[in-house]
Amino acid sequence: MAPRAVALVSCCVLVCLFLFVNCVSACSYTREELLNIRTLTPTDLLPVFLAPAADLVHFLAQKVRRRRRGRRAGALARLRRRGSRTALPGIFLSNASSLCNKMDELKLLMRIKDFSTSCVLCFTETWFRKETPDSALLLEGFQLFRADRDLALSGERAGGGVCFYINSDWCTDVTVISQHCSPALEYLFINCRPFYSPREFASFILASVYISPDADVREAQRTLADCIQQVERTYPDALVIVLGDFNQSNLRYELPRYKQFIKCPTRAENTLDHCYTTVKDAYRAVPRAALGLSDHVMVHLIPTYRQKLKLTKPSVSTTKRWTSEAVEELRTCLDTTDWDMFKGATHDLDEYTDTVTSYIHFCEERILPTRTRVSYSNDKPWFTPRLRQIRKEKEAALKSGDRDCYREAKYRFSKELRRAKSVYSEKLQQQFTANDSASVWRGLRQITDYRPQASKGQDDKALCQSLPLHYARFDTSSAMPNTSPPPSATAPMDLTPSKAVPSSSPPPLTISPPPPITYHQFPPSSPPSFAISEQDVRRQFARLNPRKAPGPDGVSPSTLRHCAEELTPVFTDIFNSSLESCQVPACLKTSTIVPVPKKPRITGLNDYRPVALTSVVMKSLERLILPHLKSITTPLLDPLQFAYRANRSVDDAVNLALHSTLQHLDSPGTYARILFVDFSSAFNTIRPALLQDKLSQLSVPDSLCRWITHFLTDRRQYVRLGKTVSDSVSISTGSPQGCVLSPLLFSLYTNCCTSSHQSVKMIKFADDTTLIGLISNGDETAYRREVARLVSWCGHNNLQLNAQKTVEMIVDFRKVTAPLPPLALMDSPITIADSFRFLGTTITRDLKWEPTISSLIKKAQQRMFFLRKLRKLKPPPRMLAQFYTAIIESILTSSITVWFAGATVRDRLRLQRVVRAAEKVIGCRLPSIQDLYISRTRRCAGRITADPSHPGHGLFSPLPSGRRLRSIRTKTSRYTNSFFPSATRLLNTK
């Protein structure tokens, strides 16, 4: 075997040597072949004897198919694929620290595709001098815009400076807006109108900013914020992108609506380079290698924003056309109907009502014509059919390549667009003059794109079938007869807390057995507590909003409003028959549950809020009963229940809670524990039998009590999720969220839940319950006793406490404090919070208002965009001022009587800066924040002093002279700047 192996190896060596010698001898080229080597193919360069083999390999490579792969995902892959046609410009940002020394490196970076195809290159600390010509700084395919440091204005040594490189493939229409140089701040603003941009942005305003490390940060931030707001007023349709080296400063305080997108460290462990804009999820920042010896890394800002047109699908809606001819025909049809025939042919009230509503729905479907419309997210009310036709002609001229034809079509489109906007502006002014506020408001929302979108649930059949059972989990219709009355506010209560711990899907209560329900047998008829007249029904039908959706019975509010005269007699008869028999027709109790997500990310069934769509006819009947029920129960309601009552508001509840707390904290050695209680689906836990007993104790007539009980029992409801409808479920517990009577019924249901100790206050606003324990000398006995009573009361009345969302806040200003013992609710420890959003106002444990004011300023600045956009239509200043009052001023003055007196001077100046910005947009004077606070405080205090039943009425006590009020004695500035002492001073200086 060894000689054969040696011979084989020798043969292989000889063959390789032969091929090498022949290849070298064959691979000889002429001078012409070497000069034209770029034009030759690899096959032409091979020797003649290897060319056929190369052709065979090339043929086989073409035949072998590669496995196809889909497009790569990710923001960077989309950016590379789209190039310069991205929704937002791709940006490279860096602190160069002398860019002149790094021009060679920049030119080398141009070989990298990501860098050369980037839309914008932004550099700070360029260190350019006036003597440096632009020709020495140019990059191929980019335009240079620079703002060098002026030594006379900056007062510092050479350095600083900012610049932009704009890619010519992305934009060539670039103008410099402003530039600034001072010891604290350097910036350059440019306006770019690229070849491609989303429709929501007319242009992009880029700002390069440099704030030196030893600058006055507050002065720099204020100057930059003023410039940004001025740019927003001048270019309301543009998107402002602020880039640069901010060092220790931050725009979050001056412009809270601007979001910062660079989260990675840019110098050592600190993030000194920032990128701000108002668009959510605009960029993703990726660190790159630093330029030269710069101590800042280069940041690649990859756009992740998706334009609205791609996010929102066009909506297809079919609506009924309420023309004058159709309305007249419907009136004639209903007027000639013999309603007595329906009553005589039916056997009971349910069949009678169902027949009448079905007939009305049938007439409506048969007579009224329908119209199908496709609407897009960027539709404008002035975009007429003629304007659409001209736009199509302009696009056809562009595709044809005829420049003259395209120029003419473009001119005609611009002229028609200006005319359409002018016509629509005149239409709005006419509606404004005619005091048609609803039409004006709809037009303003369309112009400004102010369309708050309600989140919609997914179209899932399994979810749609599981939600009805989840919403009916509190139903106790199978309970045994009631044998023991529920505890009242004065009766002693069981202090043993429940052992059940609520979760995302609350289990049944495991406390002592609650009193079950007793269903009363109604007599066939009884004298009603009151009668409904035809005039009341006609007036109620005439007030209906025709834009509301019809209920499960199919009777639309438009039909009831347009045909009120024809339908009033039959529905008056149905309403009075219902009150007389103490029964509610089954078709009027049926409801459609539309689940509304409570938060963007759904984690369980509890994250869907059940909003009931009920019959419009039933809502009209409830509105007729509501005033009568209020007139009976209002004098007997808990004075600390502030919801759904005349001369009560959210501000009153917060002010009274703060007054009790601050008055107590004025004494030494005191602190307060505030428990914010959360219920699990409070409205769905009402027991009709218990409610009937409570209504009887409040002197409600027995016939009305039984009518309400029948209204809440045996209700059919089903869930509609998109186009999917679940099976119907019958429940006899709870009150639907969407009924007119539900809020008042819940207030009456919890009316007996009050505090029995003067050191514990229980503030209620519907189902928002707050327990305030005023602790002195460390004695928490009364506070803990009231918490136990609340738990026991909830167990006996079928209300489930959500311990996971119930939080406690401790307000303690003592110099020497010790850890306080935690509070447990149903064997579950309560979370201690540093701040809590109480009825729309953020309250912190130190009782400072900076978080609340910052939140309000952020919302107001976001809505300033709509005001600037509205100004482009050139409406009268009066209309702009009304829009400001309704949209922006309402935000700035939200609960202003609660927090303004205790706000710092700096926070007041921040609020007033928003008002001054609005004045520049509108062009007229607007009320200052101080004036609004004074007027609203005096008005609120005047309401309280005029209402003896108000719980705060006794705090405004007049002096013997009757001309002034007695001042409230205070010791601390916190208490002095609260509502009641401040209102007393304002009323005395009036």
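**View 1. Pairing of strands S21 and S22 in the predicted model.** Strand S22 (residues 768-776) is joined to S21 by six bridges, and the two run antiparallel. The structure shown here and in the other views is a predicted model. Within this pair, Lys761 stands opposite Ile772 in S22.

**View 2. The open sheet that includes S21 and S22.** Five strands make up this sheet, in the order S21-S22-S17-S23-S26, and their pairing is mixed. The edges are taken by strand S21 (760-765) and strand S26 (831-832); each has a single partner strand, so one side of each is left without a neighbour in the sheet.

**View 3. The hairpin of S5 and S6.** Four residues lie between the two strands of this hairpin. Strand S5 (residues 173-181) runs antiparallel to S6, with eight bridges joining them. Thr175 is found opposite Asn191 in S6.

**View 4. Strand S6 and its pairing with S7.** S6 covers residues 186-193 and is mostly covered, with seven of its eight residues buried. Besides its bridges to S5, S6 is joined by seven bridges to strand S7 (residues 204-210), and S6 and S7 run antiparallel. In this pairing Phe189 stands opposite Ala207 in S7.

Methods
Residues are numbered from 1 along each chain as its sequence is written. This is a predicted model: local features need pLDDT of at least 70, side-chain atom pairs count only at pLDDT 80 or more; totals for chains, interfaces and linings use all residues. Side-chain values use heavy atoms; hydrogens and water are left out. Buried means under 20% relative accessible area, exposed over 50%, partly exposed in between (1.4 Å probe, protein chains only). Two strands pair if DSSP finds at least two bridges between them.
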